[in-house]
Amino acid sequence: MSIVKINVLTVPDEQRETLERRFAARAGAVESSDGFEWFELLRPVEGTDTYLVYTRWRSEEDFQRWMEGRGQAAHGGAQGEKPRPAATDATLWSFEVVQQAAPRQG
């Protein structure tokens with residue numbers, strides 16, 4: 001089964017728009033990567049300053065290949081002027097998918 005990577009980002013109120021704009025600008029950066037299955041940027045609704053960046057991959061190896069290549073550039077590994085991060089803290093959670101469900105057709 002697939003693996004899920006959730007990047008937990010602490011984002012101050014004044015940086016929310018910047019973070020969302022940066023993710024909108026990167027649209028398409030991961031979608032054509034081998035093994036990529038899903039992406040969601042989750043905005044907090046109440047009581048927290050924590051955004052979740054959810055990605056789903058066919059395997060850990062596919063995720064690592066992306067991180068070593070295009071993902072490194074997407075996460076500030078490219079040369080040149082780097083903008084100040086919108087998040088003040090980041091933690092990466094990793095999970096294996098052991099069960100899943102989809103809406104019934106019908």
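Student: Where does Arg 56 sit?
Tutor: Arg 56 is in strand β3, residues 50–57. Strands here are DSSP runs of E with at least two residues, helices are runs of H or I with at least four, and both are numbered from the N terminus. This is a predicted model, where local features need pLDDT of at least 70, side-chain atom pairs count only at pLDDT 80 or more, and totals for chains, interfaces and linings use all residues. Residues are numbered from 1 along each chain as its sequence is written, and side-chain values use heavy atoms, with hydrogens and water left out.

Student: Ok, is Arg 56 buried or exposed?
Tutor: Arg 56 counts as buried because its relative accessibility is 17%. The cut-offs are under 20% relative accessible area for buried, over 50% for exposed and partly exposed in between, with a 1.4 Å probe and protein chains only.

Student: What does Arg 56 touch?
Tutor: Skipping residues up to four places away in sequence, Arg 56 touches Ser 2, Ile 3, Val 4, Gly 35, Phe 36, Glu 37, Trp 38, Val 97 and Gln 100. A contact means heavy atoms within 4.5 Å.

Student: And Gln 100, where's that, and is it buried or exposed?
Tutor: Gln 100 is in the segment after β4 (89–96). With 52% relative accessibility, Gln 100 counts as exposed. Beyond four places in sequence, Gln 100 touches Met 1 and Arg 56. Met 1 and Gln 100 are 99 residues apart in sequence, with 9.6 Å between their C-alpha atoms.

Student: Back to β3. Which strands does β3 pair with?
Tutor: Strand β1 (residues 3–10) pairs with β3 in the antiparallel sense over eight bridges. Strand β2 (residues 36–42) also pairs with β3 in the antiparallel sense, over six bridges. Pairing takes at least two DSSP bridges between two strands.

Student: Which residues stand opposite each other there?
Tutor: Leu 9 is opposite Tyr 51 of β3, and Leu 41 is opposite Val 53 of β3.

Student: How many residues of β3 are buried?
Tutor: Six of the eight residues of β3 are buried, so the strand is mostly covered. Val 53 is in β3 and counts as buried because its relative accessibility is 8%. Leaving out neighbours within four places in sequence, Val 53 is in contact with Lys 5, Ile 6, Asn 7, Leu 9, Phe 23, Phe 39, Glu 40 and Leu 41. Val 53 and Leu 92 are 39 residues apart along the chain, and their C-alpha atoms are separated by 9.3 Å.

Student: What makes up the largest nonpolar core?
Tutor: Eight residues: Leu 9, Val 11, Leu 19, Phe 23, Tyr 51, Val 53, Ala 86 and Ala 87. A nonpolar core is a set of buried Ala, Val, Leu, Ile, Met, Phe, Trp, Tyr and Cys residues joined through side-chain atoms within 4.5 Å. Helix α1 (16–25) and β3 each supply at least two residues of this core. Apart from it lies another core of six residues, among them Ile 3, Val 30, Trp 57 and Phe 63.

Student: Switching topic: how many aromatic pairs are there?
Tutor: A search of the whole structure finds six aromatic pairs. Rings of Phe, Tyr and Trp (its six-membered ring) pair if their centres lie within 6.5 Å; planes under 30 degrees apart count as stacked, over 60 as edge-to-face and the rest as tilted. One of them is Phe 36 with Trp 57, edge-to-face at 5.5 Å centre to centre and 75° between the planes. That pair links distant parts of the chain, with Phe 36 in strand β2 and Trp 57 in strand β3, 21 residues apart.

Student: Why does Trp 57 count as buried?
Tutor: Trp 57 counts as buried because its relative accessibility is 0%. Trp 57 and Phe 63 also form an edge-to-face pair, 5.7 Å centre to centre with 70° between the planes. Ring pairs link Phe 36, Trp 57, Phe 63 and Trp 66 into a cluster.

Student: Last one: what's the order of elements in the chain?
Tutor: From the N terminus on, they run β-α-β-β-α-α-β, which is three helices and four strands. The chain has 106 residues, and 32% of them count as buried.
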